[in-house]
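This report describes selected local features of a single structure. Please keep the sequence and the model at hand while reading.

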Amino acid sequence: MENAISMAKRTDTRTPAPHAADSHDMIRVHGARVNNLKDVSIEIPKRRLTVFTGVSGSGKSSLVFNTVAAESQRLINETYSAFVQGFMPTLARPEVDVLDGLTTVITVDQQRMGGDPRSTVGTATDVNAMLRILFSRLGKPHIGSPKAFSFNVASISGAGAVTVRRGGQEVKERRSFSITGGMCPRCEGRGSVTDIDLTQLYDAGKSLNEGAFMIPGYTGGGWNSRLYIESGFFDPDKPIAKFTKKELQDLLHREPTRMKIAGINMTYEGLIPRVQKSMLSKDTDSMQPHIRAFVERAVTFTTCPDCDGTRLNEGARSSKIKRKNIADLCAMEIRDLAEWVRALKEPSVAPLLATLLETLDSFVEIGLGYLSLDRPSGTLSGGEAQRVKMIRHLGSSLTDVTYVFDEPTIGLHPHDIQRMNDLLLRLRDKGNTVLVVEHKPETIVIADHVVDLGPGAGTGGGTVCFEGTVEGLRTSGTITGRHFDDRAAVKNEVRRPNGTLEIRGASAHNLRNVDVDIPLGVLTVVTGVAGAGKSSLVHGSIPAGEGVVSVDQSPIRGSRRSNPATYTGLLDPIRKAFAKANGVKPALFSPNSEGACPTCNGAGVIYTDLAMMAGVATTCEECDGKRFEASVLDYHFAGRDISEVLALSVAEATEFFGTGEGATPAAHRILTRLTDVGLGYLSLGQPLTTLSGGERQRLKLATHMGEKGGVYVLDEPTAGLHLADVEQLLGLLDRLVDSGKSVIVVEHHQAVMAHADWIIDLGPGAGHDGGTVVFEGTPAQLAAARSTLTGEHLAKYVGA
C-alpha cells in the first residue's frame, strides 16, 4: 500500500512532456535578400524584446519591416476571399527562402499622420466620436444625433417629387430629407479661411503692358498675360491702381467668358479664380520650388470669424454639459480633459465614460497629456505621431502578437525615454513579441536580445554582425559595440557670438510671452521635454526666408522614379554635361523624359498586375533595367554612358566629376555635400523608396545646405542616426559654424547638447506646464547647475 502511495506521489510531481505547440518559440528567417540584405539568416525569440541596431542604411528596416512584417501582412491578407482581396493592396512576397513561426504583426512606424486639415488628434484616435455620442445623450439643449457635433458633416436638407411603382402603378410622391451636421458653413469645418494677398499678384503702380503681374507664368509676354492685355475689358496702359470698380471686378473676379485672342479661341476668367484653379488647388509638395514659394507668399490663412477656429456651427456650440460645449473640451489639454471626465457621474452613459477615460489616461501615460484633441494631426512630430498610434494598443487584450516599432524614442527627451521603455516592457510582459529598430543606448540596454546589422551602410551592410545579449554587444567589437558607451564631453572653450537674434514676446501655442536672445555665429541648441515649446519658439519666431535656411522634420516625398540624383538636382548638371559633349538635347538623358525606354517607360522594371494576387516586377528585357532606350546609351561623357553614371556611388561620382575629362563643378558641389553628411555609399540612381529614415533625413539636409543663408535652423537632425553617424553630424555642424554660419538646432540628443556653444532650455514641463525659458548658458554651466530636467540628464551623460 505504501509503495502504491509513493508511486502515486512520484507520478503527480513528474514534469509532463513538453507539448508540441510549445516548440514554436522562434521566428526563423533564412536567406533574406530584400534591398541590401545579403542572404541573412537569424532566429528571433518570441515573447521577448529584440532590438535591431546598426548604422543608418545597414538593413535594419529591410529585415524587420520589409521582410518579417511584410510577409505577416501578406499571409493575413491571403486568408480573405479573392473578392475581398480585390479591394486590398496587393503585397509581393519578400525575397526570402524561409520565414517560419510568424505571428500577427502590428507595425507602429514613424510615418506622419495624414496632413488633411480635417484630421485632428481627436478624430484620429476616435476620442471625438465618443465625445459626440456623449453630447448627443447629455447635451442641453438637445440638438440631434452624434452627427450634429461633427465638423465633418454639413447640415443639408431637401425636398422633391419622386416616382415609385406600387402594384404595377406609377405613383408620384413628395419626399423630404434633413441631416443636421456640426460643420461651420463659412470655413467648411477647417477652422480657418484662406485669403489671397493682392499685393503678391500684381504691382498696382504699373499697367499690364508695363509688366504689373508678379505671378509665375504670367510674366514675359506669354499667353497668360496676353489674355488679360488683349481682353478689351480695360486699358492695358492704365495703372491698375487707377482702374474703376468695374474694371477691377473684371480683372479679378469676372465669370468665364469665351473670346478670340490673336485668332485663337480662349476662355477669359478673373485672375483670382484662375490662380485658385491652376495653383492653389494643388498639393504644395508637388509644386516646383518657385511656384510653391509664390503660393506661400500669396495665400494667407486666418481664423474663421464665424466659428472662431472651432470648426463647429452655432448649434453644435450651443449644446453644453456642465457649462462646457464640445469645442471647449477639445481645446483643453488632454490631462485636464481626463480630470473633467473623471468628475462626470452619469450612470446612463457609464460604459462610454469608462472607455473614454481609459483612452484619455493612455495619452497621459504615454507622455502626450499636453496635446489637445483639436490639434491638427499633420502638425504632430514623427515621435508624437508614433506614440498616438501606440494608444490603441496599450489597453488591448491581444497576446502573442508581434509589435514592430521604428525608433520609438525619436522626438523624446531623455526624461521621456524611460517612460517609453516601460511601455515596451509592458507589451512584452503581456506575452507579445516586441521588435524595435533603435539607435539610443538607453533603449538598447533593456533588450532581451540584440541583432546588430552592418558592418557599413548600403552595399557595405546587409549582414548580421552580432546576435546576443547587450553585454555581449558591448564587447563584440562591432561599430555599435565600440560606440555603445561613447560619451561626448562638454567643451572647455566655447565660441564667442558675433551678434544676437532677438525674439520678443513669443506666444505661439504654449509659449508664455518669451523674450530670448539667440547668439549668432555659434552652435546654439534649443532643448527641453517633448511639448515644452521648442519648435514653436524656433519655427514660429525665426521664419524661413531671406538669410534663413530651415530644415524641419517633414518627410521627403518620392516615388520609385525618384532617386538622390533627381531629388538633389544633381541630374540637371549631369544631363547638361552629356548634352554638351554630344550635341543633343538634355531631355534625352532623363529616364522620366524623352530618353526613357519605351517598353518600361523609364522604370527599369515592368509591373504585372495579377488582380487579387501580388503583382510581379520583372526587369525590363528591352533595356536590361538601365531605364534608357538603346540609342541614348550610345552617347558617352568621359567614357561612360548615362546609365553607368547613375550606377556610381556618391563617392565614386565625386571623384569622376571632380577631375579630368568628367570635371563638372556644378555636379561636384552637390556630391561634396552628400559626402559631408555621410551618404558617400548611396548610388545616384537608387530609388528613394528604398532609403531608410536616417538616409532621407541626411539627404534633405544635404539639399538644404546648398541654399544661401547665414542662419541654419535644424529640427532634430540626429533622427535616425547611429551613434557613429552622430559624430559625423557634429563635425558637419562645426564646419558650418567655422565657415561663418549661425546654426540653431532643436535637439534632445545629449551628444549634441554637450557639443553646443550655447544652450536654451525650455520647460519646466510640457503643454501649459512649459513655454518658459528655464536656462540659458553653456553646456558646462547647465550640467553643473542640474537645475532642470535637461541639466540632470546632461550631467549624468557627461559624468559630471
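Where is Ser 207 found? Ser 207 lies in the loop that runs between strand S8 (192-196) and helix H6 (223-229), where helices (H or I, at least four residues) and strands (E, at least two) are DSSP runs numbered from the N terminus. The model is predicted, so local features need pLDDT of at least 70 and side-chain atom pairs count only at pLDDT 80 or more, whereas totals for chains, interfaces and linings use all residues. Residues are numbered from 1 along each chain as its sequence is written, and side-chain values use heavy atoms, with hydrogens and water left out.

**Ser 207 and its surroundings**

Ser 207 is buried, its relative accessible area being 1%; buried means under 20% relative accessible area, exposed over 50%, and partly exposed in between (1.4 Å probe, protein chains only). Apart from neighbours within four places in sequence, Ser 207 is in contact with Ala 212, Pro 236, Asp 237, Lys 238 and Pro 239, contact meaning heavy atoms within 4.5 Å. Between Ser 207 and Pro 414 there are 60 Å in space, C-alpha to C-alpha, and the two are 207 residues apart in sequence.

**Salt bridges**

Side chains of opposite charge can pair when their charged atoms come close. A search of the whole structure finds 36 salt bridges, each defined as a side-chain nitrogen of Lys or Arg within 4 Å of a carboxyl oxygen of Asp or Glu.

Asp 738 counts as exposed because its relative accessibility is 60%, while Arg 495 is partly exposed at 22%.

Asp 757 counts as buried because its relative accessibility is 2%. Lys 491, Arg 495, Asp 734, Asp 738 and Asp 757 are linked in a network of salt bridges.

**A buried arginine without a salt bridge**

Arg 698 belongs to helix H25 (residues 693-704). Arg 698 is buried yet has no salt bridge, and Asp 725, the nearest side chain of opposite charge, is 4.0 Å away; for charges, Lys and Arg count as positive and Asp and Glu as negative, with His and the chain ends not counted. Not counting residues up to four places away in sequence, Arg 698 touches Ser 56, Val 677, Gly 678, Leu 679, Tyr 681, Leu 721 and Asp 725.

**Helix H29**

Which residues of helix H29 (residues 789-798) are buried? They are Thr 790, Gly 791, His 793, Leu 794, Ala 795 and Tyr 797. These residues pack against helix H15 (414-429), strand S18 (523-527), helix H27 (750-755), strand S24 (758-763) and helix H28 (779-785). Just after H29, Gly 799 takes a positive phi of about 75°.

**Strand S21**

Ala 617 is found in strand S21 (residues 613-619) and is partly exposed, with a relative accessible area of 49%. Leaving out residues up to four places away in sequence, Ala 617 touches Ile 606 and Tyr 607. Ala 617 and Val 605 are twelve residues apart in sequence and 6.0 Å apart in space, C-alpha to C-alpha.
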